Amino acid sequence: MIKRFSWVAALLLVVGTAQATEASPRPGGVALIELGSAALPPPRVTLDDKPLLVMKRDGLWVAVAGIPLDTAPGEWPVMIDGQRKTVTVAAHTYREQRITVENESFVTQSQEQLDRIFRERKIIDGVLGSFRDVPIDGIALAAPINGSRSPSFGYRRYFNDQPRSPHKGMDIAGKTGDPVIAPRAALVAATGDYFFNGNTVLLDHGQGFVTMYCHLSDIAVKQGQTVDIGDVIGAVGATGRVTGPHLHFGTYLNGTAVDPAIFLPAVGASAGT
């Protein structure tokens, strides 16, 4: 039986009444595109021939698109029922982050490790690229743990002075064993012990909206299981490529990583333990 914390009623109130931060049309941000009256059938909205999330909001259909970190400033096209529409993407600069790790294999990998990483990447990319066609009533999320949040999303990272891919999530402080909860109802799309991410859970909230939880000390759910807001899915840990215990929390739309801060209530607005 899935554990649920006593503050779940408060979490439901927070997510049920909150709306995600307004459109943030920048690399690593979110575009909200109004599509017309929700009294009519929803139009089909695509990006690179892939469907985008469409939800009802204030009596309108609204498409929600994640903007990749490498998107250049300027006009960004989407298709609405076959008609081209553009979104203006603003410029945004992310900071650098330099990290020292003692285990050199987390910086330079052997062929065996690279083969493992490739296999795991296929699993993760399969989840991130999926589109489960279910109704979506919002994109606001409760905080998966109550801890201080690092604004490190998008940081250009250097491990032992070697450049690596940008940081595509938010690090939230926590102690080993602290429970991690589902921030919204979801299907458990995958779980596993991955080379970089350690013990990991991926939740599919529908229509390409996916959240990821990494470095867990324990996984409390199984693939194919459904969870509700407040259900415990694992515990904070320090598995994988880390310098200490914390939760790496990732949010994805249409297969691209976007800033988790966009979906979360302001610090102090979520229920405490």
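Visitor: Is Arg132 buried, partly exposed or exposed?
Guide: Arg132 counts as partly exposed, at 28% relative accessibility. The cut-offs are under 20% relative accessible area for buried, over 50% for exposed and partly exposed in between, with a 1.4 Å probe and protein chains only. Before we go on: this is a predicted model, where local features need pLDDT of at least 70 and side-chain atom pairs count only at pLDDT 80 or more, while totals for chains, interfaces and linings use all residues. Residues are numbered from 1 along each chain as its sequence is written, and side-chain values use heavy atoms, with hydrogens and water left out.

Visitor: Okay. What does Arg132 form a salt bridge with?
Guide: With Asp204, the closest N and O atoms being 3.2 Å apart. A salt bridge here is a side-chain nitrogen of Lys or Arg within 4 Å of a carboxyl oxygen of Asp or Glu. Asp204 lies in strand S14 and Arg132 in the loop between H2 and strand S9 (156–159), so the pair ties together parts 72 residues apart in sequence. Helices (H or I, at least four residues) and strands (E, at least two) are DSSP runs, numbered from the N terminus. Asp204 counts as buried, at 5% relative accessibility.

Visitor: How many salt bridges does the count come to?
Guide: The count comes to 5 salt bridges. One of them joins Arg26 and Asp259, with the closest N and O atoms 3.5 Å apart. Arg26 is in the loop between helix H1 (8–17) and strand S1 (30–37), and Asp259 is in the segment after S20, 233 residues apart. Both Arg26 and Asp259 are buried.

Visitor: And which residue does Asp125 bridge to?
Guide: Arg121, with the closest N and O atoms 2.9 Å apart. Asp125 and Arg121 are 4 residues apart in helix H2 (residues 111–128), so about one helical turn separates them. Asp125 is partly exposed at 39%, and Arg121 is partly exposed at 39%.

Visitor: Switching to aromatics: how many pairs are there?
Guide: The count comes to 3 aromatic pairs. In Phe195 and Phe196, the ring centres are 5.0 Å apart and the planes are at 80°, so that pair is edge-to-face. The rule takes rings of Phe, Tyr and Trp (its six-membered ring) with centres within 6.5 Å, and calls planes under 30 degrees apart stacked, over 60 edge-to-face and the rest tilted. Phe195 is buried at 8%, while Phe196 is partly exposed at 23%.

Visitor: What about Phe209 and Phe263, why is that pair tilted?
Guide: Their centres are 5.2 Å apart and their planes are at 35°, so the pair is tilted. Phe209 sits in strand S15 (residues 209–216) and Phe263 in the segment after strand S20 (256–258), 54 residues apart. Phe209 and Phe263 are buried.

Visitor: Which residues have the most contacts inside the largest nonpolar core?
Guide: Leu203, Tyr213, Ile233 and Phe263, in a core of 30 residues. A nonpolar core is a set of buried Ala, Val, Leu, Ile, Met, Phe, Trp, Tyr and Cys residues joined through side-chain atoms within 4.5 Å. Strands that each supply at least two residues of this core include S4 (53–57), S11 (170–173) and S13 (186–194).

Visitor: Last one: what's the strand order in the open sheet?
Guide: S3-S2-S6-S7, with antiparallel pairing. Strands pair if DSSP finds at least two bridges between them. S3 (50–51) and S7 (83–89) stand at the edges, each with a single partner strand, so one side of each has no neighbour in the sheet.
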